[in-house]
Amino acid sequence: MSTEPLYKTLIVEHDGPVCRVTINRPEQLNALSPLVFEELQEVLFGGTLEVESTRVLVLQGSGQKAFVAGADISAMQNLSPDEARAFARHGQLLTKGLETLNIVTVAKVQGYALGGGCELAMACDLIIAGRSAKFGQPEVNLGLIPGFGGTQRLVRRVGMHVALDMLLCGRGRSLSGTEAHQLGLVSRVVDDDKLDAEVQKVIASLLAAGPQAIADCKRLVRDSYNMNLDAGLSAEATNFAHCFAGEEAQEGMTAFLEKRAPEFTL
Ligand code: CO8
């Protein structure tokens, strides 16, 4: 395991094909300051993350109390409209970048995932939450609206009516991890003290599967939001055919028939 010592607000640990990024501002409940954004941008897209050899990125918050309690309100207070637009676009580029990254992203959520924290988690491929996690979009209580995709991604996850309830009622309608799971906002929920073990289980599943197959599935699912069904099915068939041109599927199917574990390479 190696740790990147370069960052002020993040802890970045590499462990073979797994990279763990911890937002490390526990005193501020890991609120997203401009420096957090800058450093996240650098880690994810500036070369720190070795895209060729990393297969899973785990995003988490420091301490037990919060994943991320939102954008840093003190840093936002004096933004001009132009600066606010730039801030929102910056966050949106980051969240969009997570969705298009050729690596599976997992948000490990304990405690608060509010505002920009909920939006950051929703940009990840999988959200694994503790039962007592608290998801919410309290921007309206600040006289704001979400700016990092909350009005767009939340509705895609939980449907219009729950999304409207959360977005319009703000602090008055947050979801526990359990409820977030029931409503489809998170992928898995477990007792708080089992969260680390569950994330390890997910990582093990991801590492046991074909890397190219996983990357293709992620891309096809992500692209499905921007396609009609016919175009999406056609893209799926093309990719399915492509599987048969490479070694990965041969190895996967042969290993099954030979009753052994497959040996996939990146
Ligand atoms: N920003 C800055 N500081 C924060 C934030 C935050 N989002 N959340 C918590 N903190 C700080 C508190 O100010 C406090 O600092 P201090 O000890 O110096 O007073 C410390 O963290 C601990 O917080 P609390 O004492 O408040 O802890 P509690 O357990 O009493 O309450 C809560 C926890 C309920 C999470 C509470 O802290 C809270 O309501 N936080 C704000 C949550 C919120 O409103 N989040 C949404 C922010 S807006 C947003 O994310 C919009 C994103 C899109 C922006 C688009 C760009 C324009």
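Reader: How do the residues of the lining of the largest pocket divide into nonpolar, polar and charged?
Author: This is a predicted model. In the model, 30 residues line the largest pocket. By type they come to 11 nonpolar, 8 polar and 11 charged.

Reader: Which residues of that lining lie nearest the centre of the largest pocket?
Author: The space in the largest pocket is about 870 Å³. Of its 30 lining residues, those nearest the centre are K96, E99, R153, R222 and Y225.

Reader: Which helix gives the most to the lining of the largest pocket?
Author: Helices that each supply at least two lining residues are α3 (81–100), α5 (150–158) and α9. The top contribution is 8 residues. These come from α9.

Reader: Is α9 roughly parallel or antiparallel to α10?
Author: Helix α9 covers residues 211–224, and helix α10 covers residues 229–243. Their axes are 10 Å apart, at an angle of about 170 degrees. An angle over 145 degrees counts as antiparallel. Therefore α9 relative to α10 is roughly antiparallel.

Reader: How many residues of the contact of α9 with α10 are charged?
Author: Helix α9 brings D216, R219 and L220, while α10 brings A235, E236 and N239. Among the contact residues, 2 are nonpolar and 1 is polar. The number of charged residues is 3.

Note on methods:
Residues are numbered from 1 along each chain as its sequence is written. This is a predicted model: local features need pLDDT of at least 70, side-chain atom pairs count only at pLDDT 80 or more; totals for chains, interfaces and linings use all residues. Side-chain values use heavy atoms; hydrogens and water are left out. Axes are lines fitted to C-alpha atoms, for helices over the stretch in contact, and angles run from 0 to 180 degrees between N-to-C directions. Helices (H or I, at least four residues) and strands (E, at least two) are DSSP runs, numbered from the N terminus. Angles under 35 degrees count as roughly parallel, over 145 as roughly antiparallel, 65 to 115 as roughly perpendicular and the rest as oblique. Contact means heavy atoms within 4.5 Å. Ala, Val, Leu, Ile, Met, Phe, Trp, Tyr, Cys and Pro count as nonpolar, Asp, Glu, Lys and Arg as charged, and the others, Gly among them, as polar. On a 1 Å grid over the protein atoms alone, a cavity is a set of points where a 1.4 Å probe fits but cannot get out, and a pocket is an open set with protein on both sides within 12 Å along at least five of seven lines; lining residues have an atom within 4 Å of a point. Grid points are joined across faces, edges and corners, and a volume is the space filled by probe spheres set on the points.
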